[in-house]
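Here's a quick tour of one model, starting with a sheet and ending with some ring contacts. Keep the viewer open as you read.

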Amino acid sequence: MVRRKASLLGHVFSNGFSTWTPPCLIIRAEACGEEEMGRLEIYNANENKSTLLEKKVPLELTSRETRVTIGASHGWIATLKDDGVLRLQDDLNPVASGTDPKRIPLPPLVTLPRCQTQIVTNVSLSSSCPESDEDCVVAVKFLGPQLSFCRPAAAKSEWTNIRVANPCFFSSRVMFSEGDGMFRIPGAGGHVIGSWDLSKKHKHKIQRLRFQNLPELTKAKRELLHSCLTTEHLVESRTTGETFMVKWYRKAAKGLWRLKTRALMVFKLDQQGNAVYTQDIGDLVIFVSNSEPFCVHASSFPKLEPNMVRIIDVDECGTIFLDISSKYSSVITRSPTLPAPYHIPPQKIDPSLVST
């Protein structure tokens with residue numbers, strides 16, 4: 001991988017009112033001689049090389065040994081250390097301050113009976129301002145039945161804990177739907193979606209999906225997909241209002257323990273519960289990683305190609321081209337080691353800080 005050293009963030013997009021960084025993925029923190037600190041290395045989605053920033057961050061945040069980083073959303077990461085305190089931090093946000101990082105300790109976790117709060121599936125934020133927006137809610141999905149919410153900026157911040165009864169949600173990931181104002185979780189297999197509305201005394205609903213326009217698969221292709229580890233990811237385009245479900249199929253390569261992507265399917269969802277298979281998401285690009293998934297418009301960032309899905313995990317990084325002219329999507333992946341496999345969505349920056 002080609003790398004360049006820079007204190008800037010490469011290409012930015014301006015709509016005349018705001019300036020935004022391109023989406024990027026976190027490569028690592030490179031040791032720089034300063035104890036327990038390293039320079040942040042990122043890879044902008046619209047460039048073909050990584051960028052080593054001047055910004056310094058704690059090495060433990062991108063370490064495979066410590067594993068203190070447990071999720072990310074809106075450019076914030078969530079950490080859980082041996083002290084049992086879950087924190088929101090902006091250390092890995094490329095445009096956040098490197099000398100005065102924001103770190104928000106959340107209330108002590110409360111473990112429901114027959115649940116656990118040591119292993120986290122993922123974290124979701126309802127807005128990008130958990131430190132100042134009193135309505136911002138952080139949702140933490142633990143492996144198993146427990147789903148927990150809190151408002152970090154509230155005068156009296158405390159956890160609201162929910163025991164999810166249906167086992168199909170135990171290993172699934174939570175996301176926030178701005179359109180519905182609810183946190184949503186796809187069930188294993190993607191046949192149902194659970195939604196929780198915190199404004200109505202934690203009212204929840206279950207929506208059943210009907211898959212339509214499924215591609216015709218050969219027997220060999222069906223057997224391959226059935227043998228894969230499959231994960232479902234909900235993602236919402238906040239500009240178009242569309243919601244998609246990404247079904248990600250992975251399987252260990254022969255003789256290897258690493259999972260490799262074998263296929264990926266995208267379904268467009270509607271309010272009636274229809275899940276329509278599609279190979280055309282228009283100008284959008286979907287980003288799936290250990291962060292909360294998100295979409296951007298490719299036309300907003302130079303050199304970013306549309307109608308594709310970018311994926312990363314600890315041992316895989318790749319692009320899936322949803323080519324409507326071919327029968328199947330084109331999968332191109334590599335197998336790097338990414339200790340912090342997080343996509344960071346576009347971040348608003350001060351235009352005066354961008355050189356021209």
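Five strands make up an open sheet, running β19-β23-β22-β21-β20 with mixed pairing. Strands here are DSSP E runs of at least two residues, helices are H or I runs of at least four, and both are numbered from the N terminus; two strands pair if DSSP finds at least two bridges between them. The edges go to β19 (210-212) and β20 (229-236), each with a single partner strand, so one side of each has no neighbour in the sheet. From one strand to the next, the twist averages 30°.

Bear in mind that this is a predicted model: local features need pLDDT of at least 70 and side-chain atom pairs pLDDT 80 or more, while totals for chains, interfaces and linings use all residues. Numbering starts from 1 along each chain as its sequence is written, and side-chain values use heavy atoms, leaving out hydrogens and water.

Back in the sheet, β21 (residues 243-252) and β22 (residues 259-269) pair antiparallel over 10 bridges. W248 has L264 in β22 as its bridge partner. Helix α1 (residues 219-226) packs on the sheet and touches β20, β21 and β22, with its direction at about 100° to that of β22. Contact means heavy atoms within 4.5 Å, and angles run from 0 to 180 degrees between N-to-C directions of lines fitted to C-alpha atoms, for helices over the stretch in contact.

Now for the aromatic pairs, of which the structure holds 6. Rings of Phe, Tyr and Trp (its six-membered ring) pair if their centres lie within 6.5 Å; planes under 30 degrees apart are stacked, over 60 edge-to-face, and the rest tilted. Two of these pairs:

| Pair | Geometry | Centre to centre | Plane angle |
|---|---|---|---|
| F149 and F183 | tilted | 5.3 Å | 50° |
| F211 and F267 | edge-to-face | 4.9 Å | 75° |

F149 is in β13 (residues 146-150) and F183 in β16 (residues 182-186), so their pair ties together parts 34 residues apart in sequence. F149, F176 and F183 form one aromatic cluster. F211 sits in β19 and F267 in β22, so that pair links parts 56 residues apart in sequence.

How buried or exposed are they? F267 is buried at 1% relative accessibility, whereas F211 is partly exposed at 21% (buried is under 20% relative accessible area, exposed over 50%, partly exposed in between; 1.4 Å probe, protein chains only).
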